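This briefing looks at a ligand site, at the packing of several helices and at a few backbone details. Please keep the sequence and the coordinates at hand while reading.

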Amino acid sequence: MNTSTINPIDSNITSGENKSFWTASTQPIIFEKLKENIETDILIVGGGISGLTTAYCLLKAGRKIILVEDGYIGSGETGRTTAHITCALDDRYFELEKIFGKEKAMLAANSHMEAIQFIANTVKHENIDCNFKRVPGYLFLNGSDTKETLEKEYEATKNAGLLTEMLEQVPALASEEGKWCIKFPEQGQFHIMKYLKGLTDAIIGMGGKIYTETKAEEISKDGAKANGFEIKAKHIVVATNTPVNDWVVMHTKQWPYRTYVIAAKIPKGKLPYALWWDTGNKNSKWIGAPYHYVRLQELDETNDLLISGGEDHKVGQADDENIPEEERYIKLVEWTKKRFPAMGNLEYKWSGQVIEPIDSMAFIGKNPGDENIYIITGDSGNGITHGTLGGIILTDIITGKENPWIDLYSPSRITFKTAGDYLQEVGNMVAQYADWVTEGDVKDADELKPGEGGIISSGMKKIAAYRDEQNNLHTCTAVCPHLGAILQWNAEEKSFDCPAHGSRFTTEGKVINGPATADLKKLEVKEEMSQVQDQNK
Ligand SMILES: Cc1cc2nc3c(=O)[nH]c(=O)nc-3n(C[C@H](O)[C@H](O)[C@H](O)COP(=O)(O)OP(=O)(O)OC[C@H]3O[C@@H](n4cnc5c(N)ncnc54)[C@H](O)[C@@H]3O)c2cc1C
Ligand code: FES
């Protein structure tokens, strides 16, 4: 299997120990670091699909931009996606109708179909060689679900103006669940890193500036600091997947989930190019009712790659279901083999983080309370279209152009019809602080073998400890610098993850995912754990 070539996480390339097929099959996209003070019209923070699409759209509208990325291009969640390009929103149209009404559900459908078309046009216009294809998508029943869900969804997609069809069989699915499905025509798929490369070429071609290994800090209405230099800007777009900064209000409207992916060879021609999703596990303890998502990707002359994802859980809470991270891959392989028996041996596995908004729609627009700072976040499992819409919508807001989707995606919107889910998610978040008084998952640093990490309790101190392959022990505080929850060890991606709002840290405490902006404070720990000292004291 093509597992990691990087250990511990080289967070400049990707935000996890396991490399995705996309990052493993392409060269890293690197630009120079920022090395001087600089002034611009619009500063964009984040080099994923959201930031790059925003840069591309603004340049096309004749504006001047600088984009900064603290790793390399695509090193966040975009490089770990599965890149289904779809209007089949994973929170379902009948739920959107309930929350927003029929008219807005129709606007949502229209916006995602436009995002798919935008990607198709960009691929063509910029001549991007990224295996882009129009494919059908099939939504079928999870074993825990009933046909009523499909019937309700079919009606709601029709109300929303989509050209869906109800089919009696799910094309290519070898399972009992393959009896009924909704077909979504004219969806899309591509190789995400090749698409990002095409976008960066176009951005540079239009005079945009991109800096990698350049972390934006102290973001304010005047710009930001990065690598010790000043960036002055009139508008600031924060496209960091989850907003970085102490903008607490957004972190009470969305929740982080970890999702898993496996990829296996399959002989060419065994399966049609298509997208498949099930309706989600209705017995799951998670509000997000985790679902499976499957597609094909061209690999070589004789094989395609079957890419299958799912088995999600709230970040840092895999063990709450007694299913540790590594077992999630095993379950995913079993699930996929049963439905696509022609799949071969495992070639890749990786996991990533999705940000689930409380009312199904991403948050795109002005950051609440700010006039010239904008965010793109909460894009759930539909971040490829949501991120693309982010670029389109923010460009229209900044250039003063009308756009029918601004209110629907506004980060300041208030939705009342999700109160039950909201309270359950808040309750889960608050419960994470109980880890202050529970034991750690490792009693003593001696228990850690090379390559292992864990949380150790020492009195009221919580320690994030990692023993590297050379047997050196690395210890930091396990208290998240964002709002003080206790971190959890992620054994599969080798990181310390925060169960409250999804911040993540490398084995040595470097922040790799917001909302936290600071690294973990180092602690000096005697091996037998008798003494713990802050290194700064
Ligand atoms: C396993 C998995 C499968 C998925 N499958 C699909 C799918 O099939 N279809 C779909 O539509 N969506 C899917 N998604 C969701 C989608 O991939 C993401 O929502 C989307 O890629 C997020 O893009 P982004 O640009 O907003 O964030 P990111 O790609 O995370 O980009 C944000 C960038 O900001 C950078 N950054 C952070 N802080 C700073 C700072 N202070 N200064 C500078 N840079 C900073 C980060 O390094 C990062 O590169 C999936 C997600 C995962 C994890
Ligand atoms: S991410 Fe908010 S407390 Fe850790």
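This is a predicted model: local features need pLDDT of at least 70, side-chain atom pairs count only at pLDDT 80 or more; totals for chains, interfaces and linings use all residues.

Sorted by class, the residues that form the shell around ligand 1 comprise 20 polar, 11 nonpolar and 6 charged ones.

**The shell around ligand 1**

- There are 37 residues around ligand 1, and those that come nearest are Ser50, Glu69, Asp70, Thr78 and Thr82.
- Four elements, namely helix 2 (49–60), strand 11 (254–267), strand 15 (346–357) and helix 8 (383–399), each contribute at least two residues to the shell around ligand 1.
- Strand 15, with 3 residues, is the element that gives the most to this shell.

- A polar backbone atom of Ala83 is 3.3 Å from an oxygen atom of ligand 1.
- Taken alone, ligand 1 would expose 1,000 Å², and the protein buries 96% of that area.

**Helix 2 and its partners**

- Two packed helices are described by the distance between their axes together with the angle between those axes.
- The axes of helix 2 and helix 4 (residues 102–125) come within 13 Å and cross at roughly 70 degrees; because angles of 65 to 115 degrees count as roughly perpendicular, helix 2 and helix 4 are described as roughly perpendicular to each other.
- The crossing that helix 2 makes with helix 4 is left-handed.
- For helix 2 and helix 6 (residues 192–205), the axes come within 10 Å and cross at roughly 30 degrees, and since angles under 35 degrees count as roughly parallel, this pair is therefore roughly parallel.
- Where helix 2 passes helix 6, the crossing is left-handed.

**Helix 3 against helix 4**

- Helix 3 (residues 93–100) and helix 4 have axes that come within 7 Å and that cross at roughly 130 degrees, which makes helix 3 oblique to helix 4.
- The crossing of helix 3 and helix 4 is right-handed.

**Backbone details in two loops**

- Ala83, which also has the polar backbone atom 3.3 Å from an oxygen atom of ligand 1, is found in the loop between strand 2 (65–68) and strand 3 (84–85).
- Although Ala83 is not a glycine, its phi is positive, at about 60 degrees.
- The peptide bond that runs from Gly514 to Pro515 is cis, with an omega near 10 degrees.
- Pro515 is found in the loop between strand 24 (511–513) and strand 25 (523–525).

How values were computed: Residues are numbered from 1 along each chain as its sequence is written. Chains are lettered from A and ligands numbered from 1 in the order in which they are written. Side-chain values use heavy atoms; hydrogens and water are left out. A residue is near a molecule or strand if one of its heavy atoms lies within 4 Å of it. A polar contact is a pair of N or O atoms within 3.5 Å; within protein, one must be able to donate a hydrogen and the other to accept it, and residues adjacent in sequence count only if both atoms are side-chain atoms. Accessible areas come from the Shrake-Rupley method with a 1.4 Å probe; for residues, only the protein chains shown count as cover. Ala, Val, Leu, Ile, Met, Phe, Trp, Tyr, Cys and Pro count as nonpolar, Asp, Glu, Lys and Arg as charged, and the others, Gly among them, as polar. Axes are lines fitted to C-alpha atoms, for helices over the stretch in contact, and angles run from 0 to 180 degrees between N-to-C directions. Angles under 35 degrees count as roughly parallel, over 145 as roughly antiparallel, 65 to 115 as roughly perpendicular and the rest as oblique. A crossing is left-handed if the near helix is turned anticlockwise from the far one by less than a right angle, and right-handed if clockwise.
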